[in-house]
Amino acid sequence: MKKVLLSLLLVAACMGSQAQRGNVYNDKTLFVSLGVGGTYYQNSGSSQFAMPSVSLSVGRWLMRPLAFRLSGDMIMAPSYYQFENGGTTTFYMGSAQFLWDVNATFFHVYNKTFLYPFPVYPMIGLGVVMRPEVKVGNFSQGVDHDVQTMLGFHMPVRLNQHLSLFMEYKCFIFPQAFDGDGGDKFMHTFNGGLTFRWGDNPFNRTTAYESRSTRDDWFVGFGAGVSFSSFEFEFFDKPDARLWNPTPEIMIGRNYSHVWTIRFELSGFFARERAHEELNMGINDDGSFYSNVTMHPGKWYTYNMLHTDFMINLSHLLNFKRGVRWNFLPYLGAGPVWRYRSQPVFDLGADFGIMARRFMDNMGDFYIDLKYLMVPPRIVGGSGPTGSYLGVGFPMLTVGYIFNFEHSTTRYRMPVNSTIN
């Protein structure tokens, strides 16, 4: 399942390689970055700074405000089992990451050493982490590997057409079951390094049918539907488990081109913890034997997830087509998720899905959205039958309405010979 998720990220970012050049990416937009620095590892109430950390990334600017990259990190830090004796081990991480150029989204930017306002690229990623075998005296702890999520910031300073210096902060969030006890685990890396670009200036480049004005192509959406509190889809077909609940959602986003869309969505609200069945057996008054199963629904709670989704429009992937009313947008994303209680629980989750959007008029669209929110077991109160981290989440089906602000130049254009009554 982990390989499937990473493969989906790669496909979403690279499927444009089969499309017409200029629709999904331009030539000479590749870049490679190498960084070194240190890390601050927080584990079960303890923390320690260690060195070195090394990162290598290869990516491509998809359009002015959006880049995708594959990143590998090698970090020397003490494992949970080594915090007391001062030892270290090597953590290996691989991630698929998106970078967002805020300047290109909201401001007119220029080719200067320091872009104004000061350039900061928020980053979000999903990947895997592996910790080799740990030996402490006569004690040995086997290899551990799991899923990790990442939030961070990339800050570049241009040197010339091809080179930039950068400073980068990344916060890797690990599952509670990884590397030791069941506590929260965060690995903060602080790296500086150098980026080499293949001769392209992403701040002056535009792709075909890309939104030109920063005021155009924004939208908001409102929807509602049903959500299932999934523990590896246990009791999916049993209403008595009460795992099906209504769910609202609200989104804001922008169609940056006829291919790429970025949205921020607040999902979820009602959910339940894992249900369980109880087998009852006994003897009736007439001496006959009986047995039945009683379903016990899990505890009811409320939660939300604020996720950033990177969407690719399959309807216009090869080229822009006039008069196309239905658009199909698969997407991947991640973001913070929290559960409301007297002591709130906060973590990072991932999501993927597909949205079908139908043009209604110049201002509005109808949409249907099928998604899956994958969240850490600590949010939902436990894991499923096998204990899989990936089996916990919320499949959702929602419908709603999208309102488009200002001009909407990238999602629909009237056929050339059409008439408007």
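Analyst: Glu 265 forms a salt bridge with Lys 371, and the closest N and O atoms lie 3.3 Å apart; the term requires a side-chain nitrogen of Lys or Arg within 4 Å of a carboxyl oxygen of Asp or Glu. Glu 265 belongs to strand β14 and Lys 371 to strand β21, so the contact ties together parts that are 106 residues apart in sequence. Strands, like helices, are DSSP runs numbered from the N terminus, a strand (E) having at least two residues and a helix (H or I) at least four. The model is predicted, so local features need pLDDT of at least 70 and side-chain atom pairs count only at pLDDT 80 or more, while totals for chains, interfaces and linings use all residues. Residues are numbered from 1 along each chain as its sequence is written, and side-chain values use heavy atoms, with hydrogens and water left out.

Are the two partners buried or exposed? Glu 265 counts as buried because its relative accessibility is 0%, and Lys 371 counts as buried at 3%. Buried here means under 20% relative accessible area, exposed over 50% and partly exposed in between, with a 1.4 Å probe and protein chains only.

A further salt bridge joins Asp 369 to Arg 263, with closest N and O atoms 3.0 Å apart. This pair links distant parts of the chain, since Asp 369 lies in strand β21 (residues 364-374) and Arg 263 in strand β14, 106 residues apart. Both Asp 369 and Arg 263 are buried. The two contacts belong to a network of salt bridges that links Glu 249, Arg 263, Glu 265, Asp 309, Asp 369 and Lys 371. The structure holds 15 salt bridges.

Another of these contacts is formed by Arg 339 and Glu 273, whose closest N and O atoms are 2.8 Å apart. Arg 339 lies in strand β19 and Glu 273 in the loop between β15 (270-272) and β16 (276-283), so this pair ties together parts that are 66 residues apart in sequence. Arg 339 counts as buried because its relative accessibility is 1%.

Two strands pair if DSSP finds at least two bridges between them. β13 and β14 run antiparallel and are joined by seven bridges. A hairpin of four residues connects β13 to β14. Glu 249, a member of the salt-bridge network, has Ser 267 in β14 as its bridge partner. Strand β13 (residues 244-255) also pairs with strand β11 (residues 218-228) in the antiparallel sense, over eleven bridges. Within that pairing, the bridge partner of Val 220 in β13 is Ile 252.

A pocket is an open set of points on a 1 Å grid over the protein atoms alone, where a 1.4 Å probe fits and protein lies on both sides within 12 Å along at least five of seven lines; lining residues have an atom within 4 Å of a point. The lining of the largest pocket has 19 residues, with Pro 122, Met 123, Ile 124, Leu 151 and Thr 308 nearest its centre.
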